[in-house]
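Work through the exercises below with the coordinates open. Each task is followed by a stepwise solution.

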Amino acid sequence: MTSRAGICLAGLMFAAQALSFEQVTAQETSQTITVTSPTVKEGQPVPRQHTPDGRNDSPALTWSGVPSAARSLMVFCEDPDVGNPPPFVHWVVYNIPATAKGLPEALPIDPAAPLPSELAGAMQGTNGFRRPIYRGPAPPPGKPHSYHFVVYALDSIVPVKPNTPALTRAELLDATKGHIVGRGELVAIYERK
Amino acid sequence: MSDDRPRIISRRDILRRAGLAGAAAVAAPAAALGAAAAPATTEPALQAQSPAAPPREAFENLTATEAELLEAIVERLVPSDQHGPGAREARAAHYIDRALGGALASSRPAYASGLAALDRYATSSRGKRFLDLPATDQDSVLIDVETGAATGFAGSSAQFFGLLLNHTRQGMFGDPYYGGNAAFVGWDLLGYPGIRTMVTPADQKALEAHELKPNHKSAYDYETFNKATAQHDLHTHEDLAHGD
């Protein structure tokens, strides 16, 4: 099933809200980033190991086409089919060095554990479960949901205040208004019987 | 246990949330927890042990399999770290076990089905029983149970997690009389100086300066609120419970 079909299945209301989000981000985006993964494939089911039906490890991502103006990158995994308001956020990573070519699989779930050295300065943000970690797709049984792995290139680094909670997707989008110089996404689906 | 093990809930979270819960547990009347009537379980199980195995203690209500699993879970919910001992050392699982024969008896079926479901979920998702998983994977399983993403539970797994966490806090920070908070480790973690029937001006000054030494006294160490009173209150409540 394609991502477009997944959005349609989720209902007109959710689709409309997801569309408004796309419109907002499109206003600032100047260059398309190509996002791929060794395990997650466009339009295909998210592999079990990246869901709570398996180990629930974050997937490896790779990207290309990052604008030369980029100083940092941020990554979200979001489900536009649910959330109040949508999307429901499964994963947030920000302040990824612009030189990084991707994210390795299975980023740590212990907030105190360091990220790999090639991601120096990067942080995992707060997801919809209020945790600064990856938690994979777990839709209610019934119909497939679509999962958007979105990569943003920014011409800035997000300021980080000490002793404050990791930022949410909404806070990051607010903080980076006018600083997005590239965007790309990989969309997969997942369904529970 | 080393300090660098991942934890499902941070110390700061536990301390922030436990302040009220702990105080409430301390202030609870004796009859609030029927487990008070149960005798303390301190005798090692009379079973063959390998020379290297630590002695195992008998549980009163949980099966050996359930008890072993519960011990491992509470250890991940409040792990030992540089700030002090955790829920295993506080004997939170023993508190829960005793209480399941008293005030928490209505939760016994939830523990039977919930613990079995958690172990099945660990096996189906991570390939091993919960006890056999490394700490990081145990935490990952517990997070999925907490968020309701785990499958195979009667209802939402989040509901069972809430039950577990609530009872673990009680076992960690309640009055030691009820079988948890062993050696007052929970109160020491909170910096709670202990139950006092009288506070002098000097005590108050020391408390404000964080210099008041804990007295390590249970409420039932005082004559005004002793175990005989607790037993009396317990039986009174039992009579009421079975009187209609």
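A polar contact is a pair of N or O atoms within 3.5 Å; for residues adjacent in sequence, both atoms must be side-chain atoms. The model is predicted.

**Exercise 1.** Describe the surroundings of B:Ser125, starting with its polar contacts.

Solution.
1. The side chains of B:Ser125 and B:Arg126 make a polar contact at 3.0 Å.
2. A polar atom of the B:Ser125 side chain also lies 2.7 Å from the backbone oxygen of B:Tyr121.
3. B:Ser125 belongs to helix H4 of chain B, which covers residues 108-126.
4. Its relative accessible area is 7%. Buried means under 20%, so B:Ser125 is buried.
5. Once neighbours within four places in sequence are set aside, B:Ser125 is in contact with A:Pro52, A:Asp53, A:Gly54 and A:Arg55.

**Exercise 2.** Which residue forms a salt bridge with B:Asp139, and which parts does the pair tie together?

Solution.
1. The partner is B:Arg76, with the closest N and O atoms 2.9 Å apart.
2. B:Asp139 lies in helix H5 (residues 135-147) of chain B and B:Arg76 in helix H2 (residues 64-77) of chain B, so the pair links parts 63 residues apart in sequence.
3. B:Asp139 and B:Arg76 are both buried.
4. A network of salt bridges with shared partners joins A:Arg55, A:Asp57 and B:Asp137.

**Exercise 3.** Is A:Arg183 buried or exposed, and what is the class of A:Glu185?

Solution.
1. A salt bridge joins the side chains of A:Arg183 and A:Glu185 (3.1 Å, N to O).
2. A:Arg183 has 12% relative accessibility and counts as buried.
3. A:Glu185, at 26%, is partly exposed.

Methods:
Residues are numbered from 1 along each chain as its sequence is written. Chains are lettered from A and ligands numbered from 1 in the order in which they are written. This is a predicted model: local features need pLDDT of at least 70, side-chain atom pairs count only at pLDDT 80 or more; totals for chains, interfaces and linings use all residues. Side-chain values use heavy atoms; hydrogens and water are left out. Helices (H or I, at least four residues) and strands (E, at least two) are DSSP runs, numbered from the N terminus. Buried means under 20% relative accessible area, exposed over 50%, partly exposed in between (1.4 Å probe, protein chains only). A polar contact is a pair of N or O atoms within 3.5 Å; within protein, one must be able to donate a hydrogen and the other to accept it, and residues adjacent in sequence count only if both atoms are side-chain atoms. Contact means heavy atoms within 4.5 Å. A salt bridge is a side-chain nitrogen of Lys or Arg within 4 Å of a carboxyl oxygen of Asp or Glu.
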